[in-house]
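This report covers aromatic ring pairs and the surroundings of a ligand. The sequence and structure come first.

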Amino acid sequence: MMELIMILVLWPFFLSTITTNAEEMINSPPCDYTAVYNFGDSNSDTGGIAAAFYPPASPSGETYFHRPAGRASDGRLIIDFIAKDECIRKRLPKPDQDLGKALFTIDIGQNDVAFGIRTLSFELQKAAVPNIVSQFISQVRVLNERGARTFWIHNTGPIGCLPVATAKVKDPVAGYLDEIGCVKYQNDVALLFNKVLKEEIVKLRSELTYAAIVYVDMYAAKYELISHAKNQGFEDPFTTCCGYHGIDYDVYCGNKGVVNGSEVIAGSCPNPSKLISWDGVHYTEAANQWIAIRILNGSLSDPTIAISRACHK
Ligand SMILES: *[C@@H]1O[C@H](CO)[C@@H](O)[C@H](O)[C@H]1NC(C)=O
Ligand SMILES: *[C@@H]1O[C@H](CO)[C@@H](O)[C@H](O)[C@H]1NC(C)=O
């Protein structure tokens, strides 16, 4: 079921900017965004999958919404924290709305990388990256043609650190895991994706001269959290709150299955705020909030600009 979700929710997209004076942008007034449009996969889905494919299932949503709320988390996602940011008034878009005053957030790539990991050799995964990124960039061009001008583009996260990846590792040879215990070659594909994405965004900025395109190093934020989990108040970063994953079993959050010969129901852990991973793939609300705080002020952005000022270029 999760596989299907991960493959279907695949809407590639985004980015831009000519490097202007960073100081000037930091001192510029906050943008008055009229709406936020998000293009993303299940990491930022607030109900698309639930509306289109599966009804929302418990225990997702339990921490914040106290009911399933169409999100793959116990609570809010990074996009929810973006919408909550004081400068952004999230409203239902009106049909005649000026897209030039809206914020376009894009968070795509994880499914493409995951699909390659499941189906292709390492060499072919790397070879596929430029093509995936080029599809992504062409969708940003399409949005720009339709009037979008402010793009906030997240790169893809450390997929090899997800518990669904690390749970499959048995007797690893030296170098298979990196120094913090993530599957290194999987992260290498994500890093290559991010490198090519950043290069293409730089080119796109010179092409879309009216657009402001911010590249956000989501990978760095997530990797930092996982590296320093214990200092940041979290437990083992490779533990899943809701679900069971092992060498030869996966019981996804909310499902029933058999693990080590016994039937189990994958419910929530007692304290989701202590864990980083909600369901082995997606992050808990506590982790999402930690990450949002790191990225929204612009310290991981290129150019270095807070989301509240991302319309300036
Ligand atoms: C299943 O058995 C393995 C091997 O003994 C163990 O490491 C794992 O924790 C068990 N899983 C569960 C969910 O009990
Ligand atoms: C952004 O916030 C992070 C986390 O609170 C902080 O470490 C960093 O210094 C801040 N950066 C800027 C540019 O304000």
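## Aromatic pairs

Rings of Phe, Tyr and Trp, the last taken by its six-membered ring, count as a pair if their centres lie within 6.5 Å. In this predicted model, such ring pairs link Tyr37, Phe39, Phe104 and Phe151 into a cluster. The structure holds 9 aromatic pairs.

One of them is formed by Phe39 and Phe104, which are stacked, with 6.3 Å from centre to centre and 10° between the planes. This pair links distant parts of the chain: Phe39 belongs to strand β1 (residues 36-40) and Phe104 to strand β2 (residues 103-107), 65 residues apart.

A pair with another geometry is that of Tyr64 and Phe65: the ring centres are 4.9 Å apart and the planes are at 85°, so the pair is edge-to-face. Planes over 60 degrees apart count as such. Tyr64 is partly exposed, with a relative accessible area of 37%.

## Ligand 2

Ile293, Arg294, Asn297 and Ser299 surround ligand 2. By class, this shell has 1 nonpolar, 2 polar and 1 charged residues. An oxygen atom of ligand 2 is 2.2 Å from an N or O atom in the Asn297 side chain. Of the 360 Å² of accessible area that ligand 2 has on its own, the protein covers 40%.

Arg294, part of the shell around ligand 2, also lies over the face of Trp290, at 3.9 Å from the ring centre.

Methods:
Residues are numbered from 1 along each chain as its sequence is written. Chains are lettered from A and ligands numbered from 1 in the order in which they are written. This is a predicted model: local features need pLDDT of at least 70, side-chain atom pairs count only at pLDDT 80 or more; totals for chains, interfaces and linings use all residues. Side-chain values use heavy atoms; hydrogens and water are left out. A residue is near a molecule or strand if one of its heavy atoms lies within 4 Å of it. A polar contact is a pair of N or O atoms within 3.5 Å; within protein, one must be able to donate a hydrogen and the other to accept it, and residues adjacent in sequence count only if both atoms are side-chain atoms. Accessible areas come from the Shrake-Rupley method with a 1.4 Å probe; for residues, only the protein chains shown count as cover. Ala, Val, Leu, Ile, Met, Phe, Trp, Tyr, Cys and Pro count as nonpolar, Asp, Glu, Lys and Arg as charged, and the others, Gly among them, as polar. Rings of Phe, Tyr and Trp (its six-membered ring) pair if their centres lie within 6.5 Å; planes under 30 degrees apart count as stacked, over 60 as edge-to-face and the rest as tilted. Helices (H or I, at least four residues) and strands (E, at least two) are DSSP runs, numbered from the N terminus. Buried means under 20% relative accessible area, exposed over 50%, partly exposed in between (1.4 Å probe, protein chains only). A charge sits over a ring if NZ of Lys or CZ of Arg is within 6 Å of the ring centre and within 35 degrees of the ring normal.
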